[in-house]
Amino acid sequence: MAEKQLSAWVLFGQEVRRLRMDAGLSLDQVAQNLSITGGMLSKIERATRAAKKETAAELDAFLRTDGILLRRWSDTTRKALDPEWYRRITDAEQRAVEIRMVHPSLIPGSLQTRGYTRAVLSHGRPLDDPEEIEALVELRTKRAARLLRPGDPRMAAVIPEAVLRRQMGDDQVMHEQLDHLLALAEAGAVKLQVLPEGVPSAIAAASSAFRLITFTDRLPLVFADSASGGVLVDESREVQRFVSIMASLAAWGLSPADSIGRIKNIRGEGTDDE
């Protein structure tokens, strides 16, 4: 049975083949200078296998292409990790005036540090290559930076206290993550509310991960996260259900000032910095 072609990698494979043919070299002649076989190089050219970053760098060096293939690899990896649902949510966020976030088990993605994001992805995507993980970390970090710039959209989040206490990565990762939240909250970049331990279980369990996105010229949208990506919800009755959930969580949450104090207390309970 023929191997399935990876659509995102077609142009990359075609570029590799063009450069190889222009140099008058066979697959095996090129592969002798790489850390892969001629058969694997053929699969990369036919886009039935994704190239690793080290392979793109080796091809650039051997074919003397001045970094063309490494730049193409970065663009291709970003495209492969940027499916339609991600583009849709990015477009919506760019037009938003306010984004309110909640996640029952993690720090919301837009508020994560690189280290925290890397730890989440490494656990959640065990079959991905390290290069793919790093490409996705970079993509999410850039998106978060855009959202946290001064001006619209205003950002707010309700974070369960248990999430702040849950270890993700090593102690240094958690220290940096809590410091990042404190810096954002104290600068007024994000309105944070900690949902304290001990709230009624029905309240704490009421929410899945979602973002409530508000605009000036249209009704709100909800982006409901899932393991495979997520879905935009725009049906008015369903959106109102999420609005009610967010209002209930915020009502049970600590005030922004008390939330900063609670995060400082949790940070202080951790292992002292080296």
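**Close-up views of a predicted model**

Methionine 101 stands opposite alanine 157 in strand β2. The views below are taken from a predicted model.

**Figure 1. Strand β1 is paired with strand β2 and with strand β4.** Residues 98-102 form β1, and residues 154-160 form β2. These two strands run parallel and are joined by five bridges. Five bridges also link β1 to β4, residues 210-214, but here the strands run antiparallel.

**Figure 2. Histidine 103 lies in the loop between β1 and α7.** Helix α7 covers residues 114-124. Is histidine 103 buried or exposed? The relative accessible area of histidine 103 is 16%, and because buried means under 20%, this residue is classed as buried. The histidine 103 side chain makes polar contacts with two backbone nitrogens: that of serine 105 at 3.1 Å and that of leucine 106 at 3.2 Å. Leaving aside residues up to four places away in sequence, histidine 103 touches Val158, Pro160, Val163 and Ala209.

**Figure 3. Aspartate 225 is located in strand β5.** The strand comprises residues 221-226. With a relative accessibility of 30%, aspartate 225 counts as partly exposed. When residues up to four places away in sequence are not counted, the contacts of aspartate 225 are Ala209, Phe210, Arg211 and Gly230.

**Figure 4. Helix α12 has its buried residues along one face.** The helix consists of 17 residues, 236-252, and its first and last C-alpha atoms are 25 Å apart, close to the expected 24 Å. Which residues of α12 are buried? They are Val239, Phe242, Ile245, Met246, Leu249 and Ala250. Viewed down the helix axis, these residues fall within an arc of 130 degrees and therefore line one face of α12. An α-helix has 3.6 residues a turn, so residues three or four places apart point the same way. Ser236, Arg237 and Ala251 are exposed, and they are carried on the face turned away from the buried side. At the N-terminal end, glutamate 235 caps α12, with a side-chain oxygen 3.2 Å from the backbone nitrogen of arginine 237.

**Figure 5. Tryptophan 9 and phenylalanine 12 form an aromatic pair.** The count of aromatic pairs comes to two. In the pair shown, the ring centres of tryptophan 9 and phenylalanine 12 are 5.4 Å apart and the ring planes meet at 85 degrees, so the arrangement is edge-to-face. Both tryptophan 9 and phenylalanine 12 are buried.

**Figure 6. The protein chain contains 13 helices and six strands.** This panel places the close-ups in context. Taken along the principal axes, the C-alpha atoms fill a box of roughly 70 × 50 × 40 Å. Of the 274 residues in the chain, 44% are buried. Among contacts between residues at least 6 apart in sequence, 72% join residues at least 24 apart.

Terms used: Residues are numbered from 1 along each chain as its sequence is written. This is a predicted model: local features need pLDDT of at least 70, side-chain atom pairs count only at pLDDT 80 or more; totals for chains, interfaces and linings use all residues. Side-chain values use heavy atoms; hydrogens and water are left out. Two strands pair if DSSP finds at least two bridges between them. Helices (H or I, at least four residues) and strands (E, at least two) are DSSP runs, numbered from the N terminus. The expected span of a helix is 1.5 Å times one less than its number of residues. Buried means under 20% relative accessible area, exposed over 50%, partly exposed in between (1.4 Å probe, protein chains only). The arc is that of the directions from the helix axis to the C-beta atoms. A polar contact is a pair of N or O atoms within 3.5 Å; within protein, one must be able to donate a hydrogen and the other to accept it, and residues adjacent in sequence count only if both atoms are side-chain atoms. Contact means heavy atoms within 4.5 Å. Rings of Phe, Tyr and Trp (its six-membered ring) pair if their centres lie within 6.5 Å; planes under 30 degrees apart count as stacked, over 60 as edge-to-face and the rest as tilted.
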